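Subject: Structure for you to look at

Hello,

Here is the structure I said I would pass on. Please open it first and keep it beside you while you read the notes below.

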Amino acid sequence: MNAVDALVAGVHHNPHSLLGPHERDGELVVRVWRPAAEAVAVVADDGDRLELRRTRAEGLFEGTLQAGRAAYRVEAEYRDGTMVAAPDPYAFRPTLGELDLHLLGEGRHERVHDALGARVTEVDGVAGTAFAVWAPNARGVGVVGDFNLWNPLAHPMRALGGVGVWELFLPGVGEGERYKFAVRHADGSVHLKADPLARYAERPPAAASIVFRSRHEWRDEPWLGGRAAGDSLREPMSVYEVHLGSWRLNPLEGNRSLTYLELADELGEYVADLGFTHVELLPVMQHPYAGSWGYQVTGYFAPQSTFGTPDDFRAFVDRLHARGIGVLLDWVPAHFPRDEWALARFDGTALYEHDDPRRGAHPDWGTLVFNLGRTEVRNFL
């Protein structure tokens with residue numbers, strides 16, 4: 001299969017080698033992949049416009065600029081008259097370096113959440129979001145979302161470093177965008193997967209990940225200082241265990257659960273009045289059934305969106321610390337649910353779970369068991 005056929009089929013492991021700007025014989029050949037576009041042009045920074053010619057019916061366009069004019073944006077026109085203009089994702093260098101890839105491959109990256117997932121950032125002065133995901137056995141991976149009408153072929157990612165990490169920087173994609181990864185399995189089927197490293201997700205039963213960047217400013221230095229100066233082995237400790245979703249309901253609004261911000265005041269006051277030193281929260285990591293206790297986790301890096309945003313949860317912790325109340329979080333590294341859009345058989349293989357069902361399936365809960373023998377899985381957890 002040649003490079004163009006691989007791109008069209010969604011199995012090209014390095015689309016940047018074909019797409020974007022490439023010097024050839026003193027000229028700059030620009031190839032743009034826009035499935036479903038009727039016409040595509042590139043507009044240089046100085047305003048010069050070049051209409052590209054279609055070279056494949058599926059949406060591959062090509063044109064030639066003068067060498068040295070690599071800065072441009074792509075304008076694509078669609079059948080309904082919609083015009084979409086943005087910098088070319090395939091004109092940017094990788095957002096992960098060799099050290100990141102080396103540490104990820106060895107399973108000892110101490111800030112894996114800053115390497116994988118969706119990170120709002122700038123590359124060469126252009127704002128966007130860097131996406132990265134571990135899927136070593138996938139035939140191809142793409143990013144899908146509202147920004148490309150959830151087309152699994154629209155934004156193919158590149159495989160980096162031979163460690164199974166796929167990466168793509170999407171200029172213009174920012175905070176609040178819904179997304180998933182389109183993971184192509186060995187049998188050719190495509191599965192839309194939530195981001196294992198997502199920091200925010202849709203409210204259940206919806207399951208898309210959401211690009212998020214924290215803007216919370218912590219104000220709990222006095223509490224942290226007191227904890228550091230104290231002697232936790234000698235000081236009294238009394239823990240109030242609580243399930244946030246059912247602790248207190250709002251009868252005026254259909255008996256809904258309280259939000260993180262409401263709980264920060266009401267739960268904080270209640271616990272402080274009773275003399276507890278800590279609260280222990282049943283799992284608040286993202287889980288698909290909001291009415292449960294939270295032990296079926298699908299998003300280990302995102303607080304449950306039923307109660308608010310990640311920054312709302314930060315404010316909850318901040319306010320409890322202001323009352324002198326510590327916060328303990330239950331964590332469930334033993335097993336995870338089988339939801340098709342989450343971790344289960346993520347790249348078409350038993351990636352996070354044991355392949356052997358005698359070790360990989362939990363007989364009591366119907367869940368899957370993490371394969372702690374994989375360094376990457378331990379690093380994830």
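An axis here is a line fitted to C-alpha atoms, for helices over the stretch in contact, and angles run from 0 to 180 degrees between N-to-C directions. Helices (H or I, at least four residues) and strands (E, at least two) are DSSP runs, numbered from the N terminus.

The model is predicted, so local features need pLDDT of at least 70 and side-chain atom pairs count only at pLDDT 80 or more, while totals for chains, interfaces and linings use all residues. Residues are numbered from 1 along each chain as its sequence is written, and side-chain values use heavy atoms, with hydrogens and water left out.

Helix pair

Two packed helices are described by the angle between their axes and the distance between the axes. The axes of helix α5 (residues 260–274) and helix α6 (residues 310–322) cross at roughly 15 degrees and come within 8 Å. The two helices, α5 and α6, are therefore roughly parallel (angles under 35 degrees; over 145 is roughly antiparallel, 65 to 115 roughly perpendicular, the rest oblique). On the α5 side, the contact (heavy atoms within 4.5 Å) is made by residues including Tyr260, Leu261 and Leu263, and on the α6 side by residues including Phe313, Phe316 and Leu320. By class, the contact of α5 with α6 has nine nonpolar residues, one polar and three charged. Nonpolar covers Ala, Val, Leu, Ile, Met, Phe, Trp, Tyr, Cys and Pro; charged covers Asp, Glu, Lys and Arg; the others, Gly among them, are polar.

Salt bridges

The structure holds 26 salt bridges (a side-chain nitrogen of Lys or Arg within 4 Å of a carboxyl oxygen of Asp or Glu).

One of them joins Arg93 and Asp124, with the closest N and O atoms 2.3 Å apart. This pair links distant parts of the chain, 31 residues apart: Arg93 is in the loop between β8 (83–87) and α2 (98–106), and Asp124 in the loop between β9 (117–123) and β10 (126–134). Arg93 is partly exposed at 48% relative accessibility, and Asp124 is exposed at 53% (buried is under 20% relative accessible area, exposed over 50%, partly exposed in between; 1.4 Å probe, protein chains only).

Arg213 forms a salt bridge with Glu175, the closest N and O atoms being 3.0 Å apart. Arg213 is partly exposed at 37%, and Glu175 is partly exposed at 37%.

Arg374 and Glu376 also meet in a salt bridge through their side chains, at 3.7 Å from N to O. Arg374 is partly exposed, at 23%.

Regards
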